[in-house]
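Reader: Hey, could you walk me through this one? I'm new to looking at structures.

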Amino acid sequence: MRIIKAKTYGDMSRKAANVISAQVILKNNCVLGLATGATVLGIYQQLIEWYQKGDIDFSGARSVNLDEYVGLAGSHEQSYRHYMDTNFFQHINIKQENTHLPNGMTENIEEECDQYDALIESLGGIDLQLLGLGHKGHIGFNEPDEAFEKLTHCVRLKETTRKANARFFEKEDQVPKKAITMGIKSIMQAKRIVLCVSGAHKAEILNQVLTGPVTPALPGSILQMHPNLTVVADEEALHLL
Ligand code: F6R
């Protein structure tokens, strides 16, 4: 595990964007595993800025996102497809057909999950998986559980997670009850993982995830076992380590 210490959120975003940029430069047709959420927004902004300056070319890149809500079409403002399009894809030259998220509108969830894992495999696996860290140590929508869910699967969202995400919806009851997420095995098979964490409110959970026992009660703790994990975090998030 490599820990890159950043001073601030902006510094963390730049450092993580540098790692992603290097990946895209080194392998033009790389497969990027991408995440949504607040933490990674600054990274996408930085990458867009460098793209606009002519420093990065995403024309060969492919992407697979970690997760998507069940029941939200890509046109829905709170869908992760919409988040990715508006916060990243529309501002760079990645080909839309090379960007992938689970289809939240599928009529056959099980088949969609199987196809998503098959898609990742057909792309040759993920070269770099970007991750944020959830408030309970979750990665993707892999929430605390009794066992590590391996492959892409459907999860019933815990009330605490729905509450945490309610800020993005008009009313709490509009927050979807289910999501499709890449599983722990799908994530752990990535050749490189970049975990980004910012802020004092994540310090305790980051400390547990990186130094505590590896347990499905804290899904992110499995990352300790990854042979190529880079943690990019700011001083506030790292102050207990
Ligand atoms: C997002 C995702 C989540 C977030 C995590 C952190 O695709 O899968 O695991 O990375 O909830 O979210 P923020 O960055 O908003 O604190």
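Predicted model: local features only at pLDDT ≥ 70, side-chain atom pairs only at ≥ 80, totals over all residues.

Reader: OK, so where does Asp127 lie?

Author: In the loop between α4 (109–122) and β6 (128–132). Helices (H or I, at least four residues) and strands (E, at least two) are DSSP runs, numbered from the N terminus.

Reader: And which backbone nitrogen lies 2.8 Å from a polar atom of its side chain?

Author: For Asp127, that's the backbone nitrogen of Val31.

Reader: What about His226, buried or exposed?

Author: His226 counts as buried, at 5% relative accessibility. You'll find His226 in the loop between α7 (203–211) and β10 (229–234).

Reader: What does the side chain of His226 reach?

Author: The backbone oxygen of Ala190, at 2.6 Å. A polar atom of the His226 side chain also lies 2.9 Å from the backbone nitrogen of Asn228.

Reader: Switching topic: how many residues are in the largest nonpolar core?

Author: It has 72 residues, and among those with the most contacts inside it are Ile43, Leu47, Phe58 and Phe88. A nonpolar core is a set of buried Ala, Val, Leu, Ile, Met, Phe, Trp, Tyr and Cys residues joined through side-chain atoms within 4.5 Å.

Reader: Which residues is Phe58 in contact with?

Author: Leaving aside neighbours within four places in sequence, Phe58 is in contact with Val24, Leu47, Tyr51, Phe88, Ile92, Asn93 and Ile94. Contact means heavy atoms within 4.5 Å.

Reader: Last one: at what angle do α1 and α2 pack?

Author: At about 60 degrees, with the axes of α1 and α2 8 Å apart. Axes are lines fitted to C-alpha atoms, for helices over the stretch in contact, and angles run from 0 to 180 degrees between N-to-C directions.

Reader: So what do you call that arrangement of α1 and α2?

Author: α1 and α2 are oblique to each other. Angles under 35 degrees count as roughly parallel, over 145 as roughly antiparallel, 65 to 115 as roughly perpendicular and the rest as oblique. On the α2 side, residues making the contact include Leu41, Ile43 and Trp50.

Methods
Residues numbered from 1 in each chain as written. Heavy atoms only, no water. Buried < 20%, exposed > 50% of the residue type's maximum accessible area, 1.4 Å probe, protein only. Polar contact = N/O pair within 3.5 Å; in protein donor to acceptor, adjacent residues only side chain to side chain.
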